[in-house]
Amino acid sequence: MTSLLEAAAAGASAEDLLAIPMPESTRAAFVLRSEQDMFAGMESNDKDPRASLHVGEVAIPELAPDECYIAVMASSINFNTVWTSIFEPLSTFGFLDRLGKESIWGKRHALDYHVVGSDASGIVLRTGSAVRNWKVGDQVTVHCNYVDDQDPSAHNDSMLAANQRIWGFETNFGGLADISVVKANQLMPKPTHLTWEEAAVNALCNSTAYRMVVSPNAGHMTQGDKVLVWGASGGIGSFAVQYVLNGGGTPVAVVSSPEKVALMKGLGVEHVIDRREKGYKFWKDEHTQDESEWRRLGKDIRGLVGDDVDMVFEHPGRSTMGASVFVTKRAGKIVTCAATSGYMIEYDNRHLWMKLKSIIGSHFANYREAWAANQLICEGKIVPPLSAVETLDTVGEAAYQVHHNLHEGKIGVLCAAPSEGLGITNPELRAQVGEDRLTVFRRHGA
Ligand code: NAP
């Protein structure tokens, strides 16, 4: 590890950090363009991130005026790193090549390696000449909405920007590295009561769930709403159930094991469905759905909460969308951000139009939404679902775990932080929020 990273991890002053030269390269996790066809013809489940994700030294690019270098203390595994590492549904080098054609700064991204990762907590090492709100030494978390704010389409809701991208997925120089490059408008304050690894697992999933459940741009939940949350102990689901509880709603959490049921109870969720125990078979075969199974789910939900749900937090996609549209209440919303099990969706449209339901597409979050979601973490109202910690050297294994649904909540990845448990600067707030609440996923997985 270079002395600049050691100094940052030890809490050096801005002056001291500026006195140490920036290294020319950094340790990072990346996939290779030359290997983008390595899994051709294989089933999705057999494509192994441990074979495609490499860890090694890569050059640090020149800094654009609106960017910062950050020392990444910790990062996390998101499902988009799984997609990149199995080259599905397509190779992400196409994204980098398109960005490369946009500007001289974009050109830096079109390389034969793709440094992945869309989360980070860390310390600002250098600021570009146009950066005003952040300074060297600031402790930050990073959200992954990457937009060119000189484009008029990026204003109002920046998720609607024509050039909106996800950092570390559709751009290079992502967060799974010791040093990363981010736009200044990706930075947010690090929650002072959290460790580096706790602070690193939130921005992507927390902001996504905030927009889907809370924001007027998507679910806009109101008090009393009943919300079905698929994958409620997973990355985005574990934030979604917290938002429903916080907003005075009633979550109906769907998970797939008794352990995950217990975890939901530990988080304060009363109504939990174990989909594996129930054995729902929404698809009779590859082409035919079974409406009686949708009805069975609807009956189970009414048995728990006495009514149909106002909203479904949808992301499994093909496996569940037919059921999700069916079980939603008249005029209810199905908010979707993904299609893990397949994106060619089928549902019975009669149940949608006759009952005036809406399907709402949602994707990550704009800066304002990400900031609001981060603020709730800073105040201890939302807790990080950190269940396990890996190191950058074992990033392939961590991505494998997420690919095969062997994890709960989020897996943190230590990068420049020398060990776990560091980074807390407000122990009083930590005590107030409660160690038990903050570590509910970690203790459960232990
Ligand atoms: P995750 O941690 O793997 O959690 C997903 C959960 O969904 C799993 O734990 C599993 O829970 C459940 N699930 C998986 N397949 C299912 C199926 N066929 N039927 C029912 N439930 C199923 O992943 P995540 O981080 O929450 O992300 C979920 C999806 O959202 C991914 O596709 C990801 O790429 C996407 N995403 C999109 C955005 C965006 O901005 N658009 C942001 C974040 C994530 P159980 O087995 O316990 O039921």
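## The loop between α4 and α5

In this predicted model, F87 sits in the loop that joins α4 and α5. Its phi is positive, about 55°, although F87 is not a glycine. Is F87 buried or exposed? Buried means under 20% relative accessible area, and F87 has 8% relative accessibility, so F87 counts as buried.

The loop between α4 (79-85) and α5 (93-100) also holds P89. The peptide bond leading from E88 to P89 is cis, and its omega is near -10°.

L356 lies in the loop between α14 (349-353) and β18. L356 is another residue other than glycine with a positive phi, here near 50°. The relative accessible area of L356 is 56%, and L356 is therefore exposed, the cut-off being over 50%.

## The sheet

Which strands make up the open sheet? There are six, in the order β13-β12-β11-β16-β17-β18, and they pair in parallel. The edges are β13 (271-274) and β18 (358-361); each has a single partner strand, so one side of each lacks a neighbour in the sheet. On average, neighbouring strands are turned by 20° against each other, direction ignored.

Within the sheet, β16 (residues 309-314) and β17 (residues 328-336) form a parallel pair with five bridges. F313 has V335 in β17 as its bridge partner.

## Helices on the sheet

Helix α10 (residues 258-266) packs on the sheet and touches β12 (250-255) and β13. The direction of α10 makes about 170° with that of β13.

Helix α12 (residues 291-305) packs on the sheet as well, touching β11 (226-229), β12, β13 and β16. For α12, the angle with the direction of β13 is about 150°.

Definitions and conventions: Residues numbered from 1 in each chain as written. Predicted model: local features only at pLDDT ≥ 70, side-chain atom pairs only at ≥ 80, totals over all residues. Heavy atoms only, no water. Pairing = 2+ DSSP bridges. Helix = DSSP H or I, 4+ residues; strand = E, 2+ residues; numbered from the N terminus. Axes fitted to C-alpha atoms, helices over the stretch in contact; angles between N-to-C directions. Contact = heavy atoms within 4.5 Å. Buried < 20%, exposed > 50% of the residue type's maximum accessible area, 1.4 Å probe, protein only.
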